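Hello,

Here is the structure I promised to pass on to you. Have a look at it first, and then read my notes below.

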Amino acid sequence: MLSARFGALVNIEKVAFGRQEINIEKFVLHNPPDFSTPHALDIDVIDIDAPYINYIKKEIKIKEIEVHTAELNIVFKTKKGLDSNWSSLLGTLSTDKYSKKKREQEEKSGQYAVIEVLKINKLTVHIITPGLKTETKVFNDMVFYNVVTTRGDITRHITQVVVYYMISQFANILNIPTGGFFSIFSGLSKPS
């Protein structure tokens, strides 16, 4: 299902369900075929803590999402930073078979998530730009509070939020080309 939504292969080694948590092991999101690196995102473990009843509510309250040991590759097609693997992946998530009117209705009345705590432990980010040296940075123990997604396609918006919070406050440290990269995260507020 996730592979179809991203338009790229997604591998998950194991999903375990506890009393009120979901544990995902070895999550790998592959890049679309026209990019130089095979993977866009590798995560060893994702822990999601929320009672299952919350997932059927309009406001999905998630106590905590904790991402353990993640490797994120941002691959640009040009030095200007207008097109990247992530603009392609998240662009695929934003398209669907519904009409524009149906999407607008879902956004007005659809589900949204409130993530009380988002923890990202040991994040390695690789910025790969043609003709330039690959930039690699490692960040440890990032914690964000009260992260809220927009309404609509909840899979897309939670994915956007997690990726956005992984990289946005470090954009100047990471030397991400200013181009149009962050336009794929429109509507999200910058982490505090």
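Some background before the details. This is a predicted model, in which local features need pLDDT of at least 70 and side-chain atom pairs count only at pLDDT 80 or more, while totals for chains, interfaces and linings use all residues. Residues are numbered from 1 along each chain as its sequence is written, and side-chain values use heavy atoms, with hydrogens and water left out.

**Overall layout**

The protein chain has 5 helices and 7 strands (DSSP runs, numbered from the N terminus: H or I of at least four residues for helices, E of at least two for strands). Of its 192 residues, 45% count as buried (under 20% relative accessible area; exposed is over 50%, and partly exposed is in between, with a 1.4 Å probe and protein chains only).

**The core**

In soluble globular proteins, nonpolar side chains tend to be buried together. Here, the largest nonpolar core has 40 residues, and Leu29, Trp86, Leu118, Leu123 and Met166 touch the most other members. Such a core is a set of buried Ala, Val, Leu, Ile, Met, Phe, Trp, Tyr and Cys residues joined through side-chain atoms within 4.5 Å. Elements giving two or more residues to this core include β2 (21-30), β4 (59-75) and α4 (154-167).

Not counting residues up to four places away in sequence, Met166 touches Val67 and Leu123, among others (contact means heavy atoms within 4.5 Å). Val67 lies in strand β4 and is buried, with a relative accessible area of 1%. The C-alpha atoms of Val67 and Ile24 are separated by 9.6 Å, although these residues are 43 apart along the chain.

**A loop residue**

Asn31 sits in the loop between β2 and β3. Is Asn31 buried or exposed? Asn31 is buried, with a relative accessible area of 9%. Its side chain reaches the backbone oxygen of Thr37 at 2.9 Å.

**Back to strand β1**

Val15 belongs to strand β1 (residues 10-17). With a relative accessible area of 41%, Val15 is partly exposed.

Happy exploring!

Terms used:
Polar contact = N/O pair within 3.5 Å; in protein donor to acceptor, adjacent residues only side chain to side chain.
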